[in-house]
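Here is a short briefing to read alongside your structure. Keep the 3D view open as you go through the points.

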Amino acid sequence: MPRLLILYHSQTGGTEAMASAAAEGAASDAEIVLRPAADAQPDDLLDADGVIFACPENLAAVSGVMKAFFDRAYYPLLGRVEGRPYAMMICAGSDGENAARQMARILLGWRMKPVADPLIICTKAQTPEAILAPKQLTPDALARCQALGATMAAGLALGIF
Ligand SMILES: Cc1cc2nc3c(=O)[nH]c(=O)nc-3n(C[C@H](O)[C@H](O)[C@H](O)COP(=O)(O)O)c2cc1C
């Protein structure tokens, strides 16, 4: 079976739920490695046939812990992951577009290959209290993450990426 790395960061649980749902969706067609960005190493990417990157948008940017992974791994992996297929998921309060743009730019630098549109899930949290509260995603949102995981795993298994 192909190996799918799901590399994620989550502060209040939303992205973690998205990552788990994607893993569920992918499980029948791929071996899944679910790795928090804080623990991830360049080898995790080298060992994977495909990757789903998932993080919150914070302050109109890729969340800091995810960015720290890219800062740590960018040069060790430059020239070594070209063409590797990826998808991304963003958990956001109300936007998410800029985090998706930033991550796409970083992954373009690595010359990785996007195989799906960014999946952005908005929690609609607006107040400081709601933003800092644990997140509960809707069944529809989780189903979309599951479908992305299934698509990614099936594509890897069939060798179509
Ligand atoms: C410091 C901070 C900054 C944030 N900035 C944004 C933002 O710029 N745009 C947005 O849509 N959501 C923003 N949010 C909301 C988070 O993206 C949202 O709560 C998301 O669910 C967090 O994902 P998580 O539950 O995986 O941590 C911010 C949250 C925090 C804590």
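Predicted model: local features only at pLDDT ≥ 70, side-chain atom pairs only at ≥ 80, totals over all residues.

- Pro85, Ala87, Met89 and Cys91 point one way from β5.
- Tyr86, Met88, Ile90 and Ala92 point the other way, and the residues on both sides are buried.
- For burial, the cut-off is a relative accessible area under 20%.

**Partners of β5**
- Strand β3, residues 50-58, runs parallel to β5 and is joined to it by six bridges. If you want a landmark for this pairing, look for Cys55, which stands opposite Ile90 in β5.
- Strand β7, residues 119-122, is also parallel to β5, with four bridges between them. Here Ala92 has Cys122 of β7 as its bridge partner.
- Strand β6, residues 113-114, pairs with β5 in the parallel sense through two bridges. In this pairing, Lys113 of β6 is found opposite Pro85.
- Helix α4, residues 97-109, belongs with β5 and β6 to a right-handed β-α-β unit.

**The ligand site**
- The ligand has 20 residues around it, and those that come nearest are Ser10, Thr12, Thr15, Glu57 and Ala60.
- Backbone atoms also deserve a look: a polar one of Gln11 lies 2.7 Å from an oxygen atom of the ligand.
- For Gly93, a polar backbone atom is 3.0 Å from a nitrogen atom of the ligand.
- For Asp95, a polar backbone atom is 2.9 Å from an oxygen atom of the ligand. On its own the ligand would expose 630 Å², and the protein buries 83% of that area.

**Arg144 in helix α6**
- You will find Arg144 in helix α6, which spans residues 139-158.
- Is Arg144 buried, partly exposed or exposed? Its relative accessible area is 41%, so Arg144 counts as partly exposed.
- Leaving aside residues up to four places away in sequence, Arg144 touches Leu119, Ile120 and Ile121.
- Arg144 and Ala21 are 123 residues apart in sequence, yet their C-alpha atoms are 8.5 Å apart in space.

Methods
Residues numbered from 1 in each chain as written. Heavy atoms only, no water. Buried < 20%, exposed > 50% of the residue type's maximum accessible area, 1.4 Å probe, protein only. Pairing = 2+ DSSP bridges. Right-handed = clockwise from strand over helix to strand, strands pointing away. Near = heavy atom within 4 Å. Polar contact = N/O pair within 3.5 Å; in protein donor to acceptor, adjacent residues only side chain to side chain. Areas by Shrake-Rupley, 256 points an atom, 1.4 Å probe, with all protein chains shown as cover. Contact = heavy atoms within 4.5 Å.
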